[in-house]
Every structure is written in C-alpha cells, then in structure tokens.
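Welcome! Here are some exercises to work through with the structure beside you. Try each one before you read its solution.

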Amino acid sequence: MAEFLEVALSFPTLPYSVVLCFAVIYWMLAATGIVDDGGIGSGDGADFHSGDDGATGLAGMFARIGLGGAPTMLVVLLLAFFGWTFTYLTQLFFLQALPPVLRWGIGAGVAIAALIPGAIVSSWVLRPIRRLFMRLRPVAQESILGKSGQVTSPEVTDLLGYASVDDGGAGLILQVRARPGTRYLRGERVRLVQYLPQQNHYLVVGDAELPALDASLSQLSRDKEIN
C-alpha cells in the first residue's frame with residue numbers, strides 16, 4: 001500500500017491521479033443530483049456531440065479526436081484512468097530506478113505520451129457507450145414547440161440545462177438552453193420556443209415572460225403583413 005501511494009503521488013503519475021480523483025468525485029456528486037452530469041442523471045454540463053459543427057469547447061476538441069458522442073466528463077474520466085494506468089506502470093517498473101533529474105525529464109515525456117494510448121483505448125470503450133446514449137437520446141420533435149415544461153436540472157442557462165415536458169405519454173427529458181443573461185432554477189416552468197438541431201437542444205423562455213414575448217411576436221407579424 002505504501003508503495004502504491006508513493007508511485008500514485010509522485011511524478012509523472014500525480015497529475016493523472018489528481019484529474020482522476022476530481023472526475024470520480026464529480027460523478028459521485030452527479031449520482032446524488034448535486035451537479036449536472038450532462039445527460040446521465042442529469043446534470044452539467046457536458047453535452048452529447050458526435051463530431052458535428054455544434055460541438056464547441058472541450059466537447060468539440062474531444063469530438064475532433066474521435067471521443068465525441070458522450071458526456072465530456074465521462075471522456076475526462078476515461079482519459080484520466082487510462083493515462084493514470086500507463087504512467088503508474090511506467091513509473092513502477094522503469095522510472096523509479098532512474099536518478100531524480102533523469103526521472104523527471106523522462107517522466108514529463110511519459111505524462112504527455114500517455115494521452116495517446118489513453119485516447120485510443122478510451123475511443124474503443126466509448127463505442128458501445130455511444131450507441132447506448134444515442135438510443136437514450138430523445139428524438140427531436142418540432143411538434144412539441146410551444147409546450148410547457150419544468151426545469152429538472154439545478155439550473156438552465158445559455159450553456160446547460162434540462163427540463164421535463166409532458167408529451168401525452170411517458171414524458172420527455174430534453175436538453176434546453178435559456179437566452180444569454182437569463183437563468184431558470186429547478187422547478188420553474190418554461191416553454192419550448194425553438195429547436196436547434198445542430199446542438200440538439202431547445203431554446204426556452206419562462207412562462208412569466210410569455211405575455212411580453214407574444215406581444216413582440218404579434219407586432220412582428222403585423223409588420224410583415226404591412227410590408
């Protein structure tokens with residue numbers, strides 16, 4: 001046990017140990033509903049992307065290297081685990097016997113190189129998981145625009161959020177986004193006003209905002225008729 005901790009908490013394994021611990025804690029919190037898990041629970045924020053133009057940020061980077069189609073934090077967990085395994089075994093069997101200066105120099109290269117096998121193995125692991133997520137994904141339905149729903153994630157912003165919508169059946173859990181600068185909390189009533197197919201989410205507004213929104217839409221319609 002002492003040797004395990006010594007290797008796990010020494011360079012080059014230490015950076016992966018930190019990221020792996022963070023990812024595990026994140027998913028433990030997601031399982032309790034404290035944070036948003038991007039579709040498995042659901043919570044933060046990691047959207048589903050399969051390499052399309054809608055993927056941005058960290059999710060977009062993962063999609064470009066073949067790791068899209070799953071929550072971002074799940075990809076981080078897999079990369080950290082396989083990178084940690086690679087660096088741990090390298091440190092245990094090869095680097096420990098080297099002088100400190102040489103161990104740090106080679107260890108830096110090992111830490112970076114570990115991302116390559118980590119990404120390859122992670123992409124293999126994600127293949128069946130990606131298919132499962134695709135089956136669990138709600139089918140986009142333009143006909144549900146205008147329906148009212150309730151926020152189920154801790155919050156809905158222009159970057160993340162989920163809401164449940166009564167479709168007359170078992171109900172739907174949909175990815176939703178608010179307008180920039182707007183935020184809705186868990187339990188608030190919102191309405192679907194637009195579907196964005198590339199990002200696979202709906203734009204929502206609060207029910208309390210609908211009178212002003214309806215008035216602006218009516219004015220826009222009258223302006224079009226006049227023109």
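A salt bridge is a side-chain nitrogen of Lys or Arg within 4 Å of a carboxyl oxygen of Asp or Glu. Keep in mind that you are looking at a predicted model.

**Exercise 1.** Find the salt bridge that Glu155 makes, and work out which parts of the chain the pair ties together.

*Solution.* 
Step 1: Start with the partner. The side chain of Glu155 meets that of Arg183, with N and O 2.7 Å apart, and this falls within the 4 Å limit.
Step 2: Glu155 sits in strand E2 (residues 155–156), while Arg183 belongs to the loop between strand E4 (172–177) and strand E5 (184–185), so the bridge ties together parts that are 28 residues apart in sequence.
Step 3: Check the surroundings. Glu155 is partly exposed at 23% relative accessibility, whereas Arg183 is exposed at 51%.

**Exercise 2.** How many salt bridges does the structure hold? Describe the one that involves Asp207.

*Solution.* 
Step 1: The count is two.
Step 2: Asp207 pairs with Arg191, and their closest N and O atoms are 3.6 Å apart.
Step 3: This pair links distant parts of the chain, 16 residues apart: Asp207 is in the loop between strand E7 (201–206) and helix H7 (210–226), and Arg191 is in strand E6 (residues 189–196).
Step 4: Asp207 has a relative accessibility of 25% and is partly exposed. Arg191 is partly exposed too, at 27%.

**Exercise 3.** Describe how helices H2 and H4 cross, and what kinds of residues meet there.

*Solution.* 
Step 1: Look at the axes. Those of H2 (residues 13–32) and H4 (residues 72–93) come within 8 Å and cross at roughly 145 degrees. The crossing is left-handed.
Step 2: Sort the contact by class. It has 17 nonpolar, five polar and no charged residues. Among the H2 residues in it are Tyr16, Leu20 and Trp27, and H4 brings residues including Met73, Leu77 and Trp84.
Step 3: Zoom in on Met73, which lies in H4. Met73 has a relative accessible area of 13% and is buried, since buried means under 20%. The C-alpha atoms of Met73 and Trp27 are 8.2 Å apart, though 46 residues separate the two along the chain.

Conventions:
Residues are numbered from 1 along each chain as its sequence is written. This is a predicted model: local features need pLDDT of at least 70, side-chain atom pairs count only at pLDDT 80 or more; totals for chains, interfaces and linings use all residues. Side-chain values use heavy atoms; hydrogens and water are left out. Axes are lines fitted to C-alpha atoms, for helices over the stretch in contact, and angles run from 0 to 180 degrees between N-to-C directions. Helices (H or I, at least four residues) and strands (E, at least two) are DSSP runs, numbered from the N terminus. A crossing is left-handed if the near helix is turned anticlockwise from the far one by less than a right angle, and right-handed if clockwise. Contact means heavy atoms within 4.5 Å. Ala, Val, Leu, Ile, Met, Phe, Trp, Tyr, Cys and Pro count as nonpolar, Asp, Glu, Lys and Arg as charged, and the others, Gly among them, as polar. Buried means under 20% relative accessible area, exposed over 50%, partly exposed in between (1.4 Å probe, protein chains only).
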